Amino acid sequence: MPAQPFDDFRSLLAALPLADDAAGGRVRALFAKADKPKGSLGRIEDIAAWTATWSGRAPPAINRPLMAIFAGNHGAVRHGISPRPVAATANEVELCAAGGAAINQVCIANDLGLKVFDLALDIPTGDITEEDALDERGCAATMAFGMEAVAGGADLLCLGDLGVGNSTIAAALCAALFGGEGADWVGPGAGADAMMIARKAEVVDRALAFHGPGLSDPLEALRRVGGREFAAICGAILAARMEKIPVLLDGFVATAAAAALHAANPGTLDHCLLASLSPEPGHAKVAEQLGLRPLLDFGIGHGEGVGAALAAGIVKAAALTSSGMAVAIRR
């Protein structure tokens with residue numbers, strides 16, 4: 001049987017690198033030896049141990065953190081599911097490039113590298129109510145492109161998105177993976193009123209009905225009702241796992257994309273933490289399904305990966321705390 005575009009990704013998902021539990025254990029031992037009450041640093045200790053577990057470095061060090069943002073457009077926007085025009089996606093990408101977006105400032109504050117990927121914004125994906133968002137070859141190619149996000153090297157990967165209408169696409173993907181109707185997963189997104197939210201739910205329901213049994217396979221669901229930024233985020237998550245790079249997920253879209261990988265192999269997201277919980281109601285639901293507890297809950301629905309960039313500061317501080325204590329203990 002000839003090879004299929006998803007075959008390489010299915011092979012990766014079936015043979016993921018395992019955790020370095022010994023490294024995590026060494027960090028926990030460092031905290032246990034420190035002159036402080038047991039467990040007094042709370043989640044800081046857990047984050048430091050997690051960073052060591054998935055980087056293989058104990059104590060861990062975060063010297064090259066990277067914020068990667070993937071931007072895509074969607075054919076389903078034609079149904080009036082967003083109060084913002086499709087052109088807003090490209091405008092936001094340009095604002096990031098000019099250094100004037102919120103994410104630029106947070107990256108400067110936390111000394112993060114920033115890459116923004118324009119995923120064929122002039123060619124929206126297919127309208128999921130009546131066609132596939134992507135064909136298998138295009139989805140696999142976009143996943144492979146997403147893997148290139150870490151090609152220049154990184155020791156912490158933060159993932160975010162840009163895309164008008166993509167909260168509806170995230171809702172459709174979550175409904176395909178976890179069940180339910182559109183009304184169970186959609187929310188206000190970028191400021192939709194009640195009438196627009198109803199249209200969003202209708203788009204999700206029409207997509208579920210159109211694709212039917214084809215959504216039973218997670219990678220098929222990703223390509224049929226997802227989008228380019230979703231596929232690229234999946235590729236970036238897999239590449240980070242192969243390269244021993246811990247990952248911070250931000251927002252509903254990145255979490256929904258990650259859910260497709262989790263559905264294919266529940267261990268795929270063990271090297272990921274949820275940076276921030278957005279106000280979108282579907283985000284809390286999918287986070288619960290995946291067993292992810294956010295580091296931050298600031299009500300950030302802005303997108304651009306702002307929550308992940310903020311949370312990166314906490315991860316860096318946790319790594320420094322463990323390494324600093326290790327030096328003090330050795331003295």
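**Exercise 1. Which elements do the buried residues of H6 pack against?**

Solution. The buried residues of H6 pack against helices H1 (7–14), H10 (218–225) and H11 (228–242), plus strand S1 (65–71). Before we go on: this is a predicted model, where local features need pLDDT of at least 70, side-chain atom pairs count only at pLDDT 80 or more, and totals for chains, interfaces and linings use all residues. Residues are numbered from 1 along each chain as its sequence is written, and side-chain values use heavy atoms, leaving out hydrogens and water.

Helices (H or I, at least four residues) and strands (E, at least two) are DSSP runs, numbered from the N terminus.

**Exercise 2. Find the buried residues of H6 and say why they line one face.**

Step 1. Buried means under 20% relative accessible area (1.4 Å probe, protein chains only). On H6, that gives Glu-136, Cys-139, Ala-140, Thr-142, Met-143 and Gly-146.

Step 2. Look down the axis of H6: these residues fall within an arc of 160 degrees, so they line one face of the helix. The arc is taken from the directions from the helix axis to the C-beta atoms.

**Exercise 3. How do H6 and H10 cross?**

Step 1. Their axes (lines fitted to C-alpha atoms over the stretch in contact) come within 10 Å and cross at roughly 100 degrees. Angles run from 0 to 180 degrees between N-to-C directions.

Step 2. H6 and H10 are therefore roughly perpendicular, a label for angles of 65 to 115 degrees.

Step 3. Contact means heavy atoms within 4.5 Å. Here Glu-136, Cys-139 and Met-143 of H6 meet Leu-219, Glu-220, Leu-222 and Arg-223 of H10.

Key: Buried means under 20% relative accessible area, exposed over 50%, partly exposed in between (1.4 Å probe, protein chains only). Angles under 35 degrees count as roughly parallel, over 145 as roughly antiparallel, 65 to 115 as roughly perpendicular and the rest as oblique.
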